[in-house]
Amino acid sequence: MRRFRLVRGRLAGLMLAALLIVVPGLLVAAGARSVCDPGPCPAHPIGPYGQAVEDRFTFAHQALTGDGGITVRLTSMTGIITYPPPGHDRIVTGLVPWAKAGLMIKESVRQGSPYAAVMLTGSHGTRMQYNFTEDMGGRTGTSPRWLRLTRSGERITGYESPDGEQWTTIGTATLPGLPATVRIGLFAASPGDMTVDRSKPGGAVQVRFTQASATFDHVSLQGGWSTDEVGGEGVQTDWERSHRANGLVESGDTLTVTGTGDIAPRFDAPRIETTLIGTFAALIVIVVMGVRTREPLKLAAQAFVTGTIAACVEPVGTAILRGNGTQVLPVSLLTEARVIIGTGVLLAASAVLAAGVGALLRRKFMAATVVFALLILPFLLAFAGILPDAVTAWLFRITPAAGFAIQQSIPEYAHVIGYYVPTQGFYPLPPLAGLAVLAAYAAAAFSSARSRSRSGR
């Protein structure tokens, strides 16, 4: 009879854990609405590798058929930043760190189409970037700087020079399927200036308009420029209307390109793990069951199956979100599978950790409190903003809370400014490394408990 009650109690607990993942996920998905005027909301551009991308910049270009290239001297790069801290009361001159201007070869002016570019940036020297996610560094420094970009079939190579005589290769990109005729020319872009209000729970992110202007001379291609504000058609701020509009200005042999926006992966939109918000509540049930169990491995297996099945709410919830007009960031099927299965592993490892701590402390309430502190307290501290972000990041490296990284679907990119903290869904360790930290804690607790049991203490 007691055995029956134990089995029935465990089954009820597992069902509750599953419901705590499924129900919040469906409620979040069903309650979200995106309204655009005029509607419907436009879809995010998709890059060559399947990611949602930001693809807005000013492009002065010509047609290039077959092999060829372009060489210029970038003589100056200036810009403005609207209402930055501390005063938030004026527009100042300056460049944000990832403002960029230089040379580009792009399949077409369609947003998301393949490209390769060599550029000078606001604070990161010369770079070569391509297809939104790839970034290669050149020399540090500012203008003036000579730049060159060449095409040979599908291979694009970027160069830099201090004097136009001695050239250094920054990098080479391969763009599969690049058509015979592409667009080649000059570009400028400037991403928004980001500040974080840490007085708000989780940190409130504000992004302000910026603009960059680059002046070029010694341009190896002559005349016949077409100018497009890629991704910015019909969008104009008061600054652009009253002071300086984006575009191309020609003055003799000098060309000045002014632009705003960014050419980079996008992450400022809902992600698939949004529908798994109930994982925290499910863990509470699993931990309570874990500190009470005498069959930790059996519970772990059951928690894995329960978590994995319940996490299948993600594709359902994502479909509902998209049906409601919310643009969820796309990911590969492999990433989606990793998030779903990883949720099951997260619950399983937490069950083993709880069982091990429960066996060591032999006081269920104390054991549950310890495990909750290890798994949940780092999140509470992060949302409260009590600790500096750098300290919080270390907590998510060295505590079992690192395991939540398995649910992160969009990676951090070094060449994109973002608030990369756990409260925004970004973790300091890669997904599998974070899960390995949790697994190591679980294994250590389980082994210590078994050793103690064998010694009879």
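Mentor: What follows goes from the core to one of its residues, then to a helix and a loop.

Please keep in mind that this is a predicted model, in which local features need pLDDT of at least 70 and side-chain atom pairs count only at pLDDT 80 or more, whereas totals for chains, interfaces and linings use all residues. Residues are numbered from 1 along each chain as its sequence is written, and side-chain values use heavy atoms, with hydrogens and water left out.

A nonpolar core is a set of buried Ala, Val, Leu, Ile, Met, Phe, Trp, Tyr and Cys residues joined through side-chain atoms within 4.5 Å, where buried means under 20% relative accessible area, exposed over 50% and partly exposed in between, with a 1.4 Å probe and protein chains only. The largest such core has 51 residues, and those with the most contacts inside it are Ile21, Ile286, Leu347, Leu353, Val371 and Leu438. Helices here are DSSP runs of H or I with at least four residues, numbered from the N terminus. Among the elements that give two or more residues to this core are helix H1 (2–31), helix H3 (279–292), helix H7 (364–375), helix H8 (377–384) and helix H10 (431–455), while H6 gives the most, with 11 residues.

Contact means heavy atoms within 4.5 Å. Leaving aside neighbours within four places in sequence, Leu347 is in contact with Ile21, Thr279, Ala282, Leu283, Ile286, Ala303 and Gly307. There is also a second, separate core of 37 residues, which includes Leu147, Ile184, Trp225 and Leu255.

Let us turn to H8, where Pro378, Phe379 and Ala382 are buried. They lie on the same side of H8, because they cover an arc of only 100° around the axis, the arc being that of the directions from the helix axis to the C-beta atoms. What covers these buried residues includes H3, H7 and H9. After H8 comes Gly385, whose phi is positive, near 70°.

Finally, consider Ser409, which sits in the loop between helix H9 (389–398) and H10. Its relative accessible area is 7%, so Ser409 counts as buried. Not counting residues up to four places away in sequence, Ser409 touches Arg271, Ile272, Glu273, Val331, Thr335, Arg338 and Val339. The side chains of Ser409 and Glu273 are joined by a polar contact of 2.6 Å; such a contact is a pair of N or O atoms within 3.5 Å, and within protein one must be able to donate a hydrogen and the other to accept it, while residues adjacent in sequence count only if both atoms are side-chain atoms.
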